Amino acid sequence: ALKTACDAHDPDHYPRFKKWADDYFYIPHRKVHRGVGGIFYDHLEGAFADNFAFTQDVGRAFLDIYPQIVRRRMNMP
């Protein structure tokens with residue numbers, strides 16, 4: 001879902017922001033990643049309206065997929 005949202009704006013977004021998340025949320029001394037994956041970005045260059053539309057689409061993708069993930073896993077130990 002996040003890849004689809006990213007690709008609609010720029011095909012380079014998903015690989016770039018996925019790597020950023022993987023790097024940012026890695027705990028080197030434990031050799032593990034925090035969280036469940038995804039994308040991360042905190043600063044976008046360019047037109048505000050385009051960046052805001054991108055961020056809105058990422059938010060909508062998250063709101064669509066997150067409840068499905070939780071429902072599938074909520075009874076797991």
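**Close-up views of a predicted model**

At 49% relative accessibility, Arg 60 counts as partly exposed, because the exposed class begins only over 50%. This residue opens the set of views below, which were drawn from a predicted model.

**View A. Arg 60 pairs with Asp 57 in helix α3.** The side chains of Arg 60 and Asp 57 meet in a salt bridge, with an N to O distance of 2.9 Å. Both residues belong to helix α3, and since they are 3 residues apart, about one helical turn separates them. Asp 57, at 27% relative accessibility, is partly exposed, and Arg 60 is partly exposed as well, at 49%. Side chains of opposite charge can pair when their charged atoms come close.

**View B. A salt bridge links Lys 3 and Asp 7 in helix α1.** The closest N and O atoms of Asp 7 and Lys 3 are 2.5 Å apart. Helix α1 holds both residues, with a spacing of 4 residues, or about one turn of the helix. Lys 3 has a relative accessible area of 43% and is partly exposed. Asp 7 is also partly exposed, with a value of 29%.

View C. Lys 18 and Asp 22 sit 4 residues apart in helix α2, which is about one turn of the helix. Both partners are partly exposed: Asp 22 has a relative accessibility of 27%, and Lys 18 has one of 25%.

**View D. The largest pocket is lined by residues from three helices and elsewhere.** The space in the largest pocket amounts to about 480 Å³. Its lining consists of 20 residues, and those closest to the pocket centre are Leu 2, Val 36, Gly 37, Gly 38 and Ile 69. The elements that contribute two or more residues to this lining are α1 (2-7), α2 (13-24) and α3 (48-73). Helix α3 supplies the largest share, 6 residues. By residue class, the lining divides into 11 nonpolar, 4 polar and 5 charged residues.

**View E. Asn 51 is buried in helix α3.** Asn 51 is a residue of helix α3. Its relative accessible area is 17%, so it falls in the buried class, which is set at under 20%. Leaving aside residues up to four places away in sequence, Asn 51 touches Leu 44, Glu 45 and Gly 46.

**View F. Lys 31 has a positive phi in a loop.** Lys 31 lies in the loop that runs between strands β1 (26-27) and β2 (32-33). The phi of Lys 31 is near 60°, a positive value in a residue other than glycine. Most residues other than glycine have a negative phi. Lys 31 is exposed, with a relative accessible area of 66%, whereas Asn 51 of view E is buried, at 17%.

How values were computed
Residues numbered from 1 in each chain as written. Predicted model: local features only at pLDDT ≥ 70, side-chain atom pairs only at ≥ 80, totals over all residues. Heavy atoms only, no water. Buried < 20%, exposed > 50% of the residue type's maximum accessible area, 1.4 Å probe, protein only. 1 Å grid on protein atoms, 1.4 Å probe; cavity = no way out; pocket = protein on both sides within 12 Å on 5 of 7 lines; lining within 4 Å. Points joined across faces, edges and corners; volume = space filled by probe spheres on them. Nonpolar A, V, L, I, M, F, W, Y, C, P; charged D, E, K, R; others polar. Salt bridge = Lys/Arg side-chain N within 4 Å of Asp/Glu carboxyl O. Contact = heavy atoms within 4.5 Å.
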